[in-house]
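Good morning, and thank you for making time for this presentation.

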Amino acid sequence: MAGWMIAAALAGAALGAGVPDKPAPLPPYGAAYTPTTVDERGLWQQADEAERDLRDSPVVVRDAALNAYMAKVLCRSVGEDRCRGVRIYVVRAPVFNASMMPNGMMVVYTGALLRLRDEAELAAVLGHEFGHFEQRHTLASFRRGRTIGDIIAWTSMISPYSTLPASLIQLHFAYDRAQESEADMMGLRYLTAGGYRPFAASHIWERLMAEQDATALGRKRHVTHRYAAGFFADHPTHLSRAIDLRAAAGSEGDRGDDALDAFQTAMRPWRAGFLADQIKLNDFGGSEYLLAELANGAWTPELLLTRGELYRERGNPRDLVSAAQFYQQAIDQGCTDPVAWRGLGLSLLRGQQVAAGRAALKTYLEKAPAASDRAAMAMLIGEGGVQ
């Protein structure tokens, strides 16, 4: 399965594993593996079926500019010869995940795109998944055998967030410790070969650890799962992966290109939608951490609006006060999204500030005359006859 979410959400590997001082140069590229046995041909047929189903699925983001950008980053990372046989599908789902199938199909979740800071980190994710592909890990896992427990564990995590085709969900394999470590190191070599900053790979794991801590604390759970073997004890923990990747990057790890501007330009049209998807996870602690991490001390109107939605959704009395403040700050900073006035009005009404709440909702209806909830909002402000 996805080298990133299952190894990211679940994880395990010993600390202190030996890592090279510098990533080794890329090996010569061989042509994509052609299945020879009956079992192997069956696996490829399953992958082809899953890709056909996914290709027609409504969860796929079909924007030409975004998909061209993803392909460009992959090709810069792994080389034109390697990337030529890969088809990338961006899937609308707010969890951190990416996966690679043996027939050349790569799947990247929008939850991963939201959490990445720059192009170097995106290249690290894509390179890691391509490392699984080049080393034929899915084939090795297929030969080793897939357990029903792996499939149940994965589908239980993704089922609330997406409507992936059943054929893709069934085509799931968990990689073992050695395979994950090998893909980590291959991804690091691709980063270096592409001229990206090698430390980008370790930074991803460091933030994922902190986000999972925040999720656990927000749900009043004990924070221990990340620093010891987790659900799949044969996967590297986030902590060990971050340490090993940082060590492997060596003294040159903080040198190289981030391509921050290109990444931000590609993601800008999508970030508001990805943020809205995140709020639907009902993960207050993790979402609050993620928003603060994205803000990095500079809260934009977009992030303030999302933070208002997060607090309003939880809805404790103090949350409603905070939500109203965040909405107002977004508006004061120039937010033009009518949702800000809607959220402000609803927060104020629930906080018993009736006059101010109705005024905000009236502004919302003026700014969004074709809003789908126009009738309901009109009722709240005492204008039930508004059409």
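This is a predicted model: local features need pLDDT of at least 70, side-chain atom pairs count only at pLDDT 80 or more; totals for chains, interfaces and linings use all residues.

Does Asn296 count as buried or exposed? Asn296 counts as exposed, at 65% relative accessibility, where buried means under 20% relative accessible area, exposed over 50% and partly exposed in between, with a 1.4 Å probe and protein chains only. Residues are numbered from 1 along each chain as its sequence is written, and side-chain values use heavy atoms, with hydrogens and water left out.

Let me return to Asn296. The residue is found in the loop between helix H14 (284-295) and helix H15 (301-314); helices (H or I, at least four residues) and strands (E, at least two) are DSSP runs, numbered from the N terminus. Asn296 has a positive phi of about 50 degrees, although it is not a glycine. Most residues other than glycine have a negative phi. Gln352 also has a positive phi, of about 70 degrees, and is not a glycine. Its place is in the loop between H17 and helix H18 (354-367), and at 65% relative accessibility Gln352 counts as exposed.

Now the chain as a whole. There are 19 helices and four strands. Of the 387 residues, 54% count as buried. Among contacts with a separation of 6 or more, 71% are between residues 24 or more positions apart, contact meaning heavy atoms within 4.5 Å.

Gln278 has its place in helix H13 and a relative accessible area of 2%. Which residues is Gln278 in contact with, leaving aside its neighbours within four places in sequence? They are Pro94, Leu114, Arg115, Ser287 and Leu290.

I turn next to a helix pair. The axes of helix H16 (residues 317-332) and helix H17 (residues 339-350) come within 9 Å and cross at roughly 150 degrees. Here axes are lines fitted to C-alpha atoms, for helices over the stretch in contact, and angles run from 0 to 180 degrees between N-to-C directions. H16 and H17 are therefore roughly antiparallel to each other, given that angles under 35 degrees count as roughly parallel, over 145 as roughly antiparallel, 65 to 115 as roughly perpendicular and the rest as oblique. H16 passes H17 in a left-handed crossing; that is, the near helix is turned anticlockwise from the far one by less than a right angle, whereas clockwise would be right-handed.

Which residues meet across this pair? From H16 there are Leu320, Ala323, Ala324, Tyr327, Gln328 and Ile331, and from H17 Ala340, Trp341, Gly343, Leu344, Ser347, Leu348 and Arg350. By class, this contact of H16 with H17 has nine nonpolar, three polar and one charged residues. Ala, Val, Leu, Ile, Met, Phe, Trp, Tyr, Cys and Pro count as nonpolar, Asp, Glu, Lys and Arg as charged, and the others, Gly among them, as polar. Val321 also has its place in H16 and is partly exposed, with a relative accessible area of 47%. The C-alpha atoms of Val321 and Arg350 are separated by 9.6 Å, and the two residues are 29 residues apart along the chain.

Finally, the salt bridges. How many does a search of the whole structure find? The search finds 17, a salt bridge being a side-chain nitrogen of Lys or Arg within 4 Å of a carboxyl oxygen of Asp or Glu.

In one of them, Asp257 pairs with Arg76, the closest N and O atoms being 3.1 Å apart. Asp257 lies in the loop between helix H12 (238-249) and helix H13 (260-279) and Arg76 in helix H3 (residues 64-78), so this pair ties together parts that are 181 residues apart in sequence. Asp257 is partly exposed, at 31%, and Arg76 is partly exposed, at 33%.

Asp118 forms a salt bridge with Arg197, with 3.2 Å between the closest N and O atoms. Asp118 counts as buried at 5% relative accessibility, and Arg197 is buried at 8%.

To close, salt bridges that share partners join Arg76, Glu119 and Asp257 into one network.
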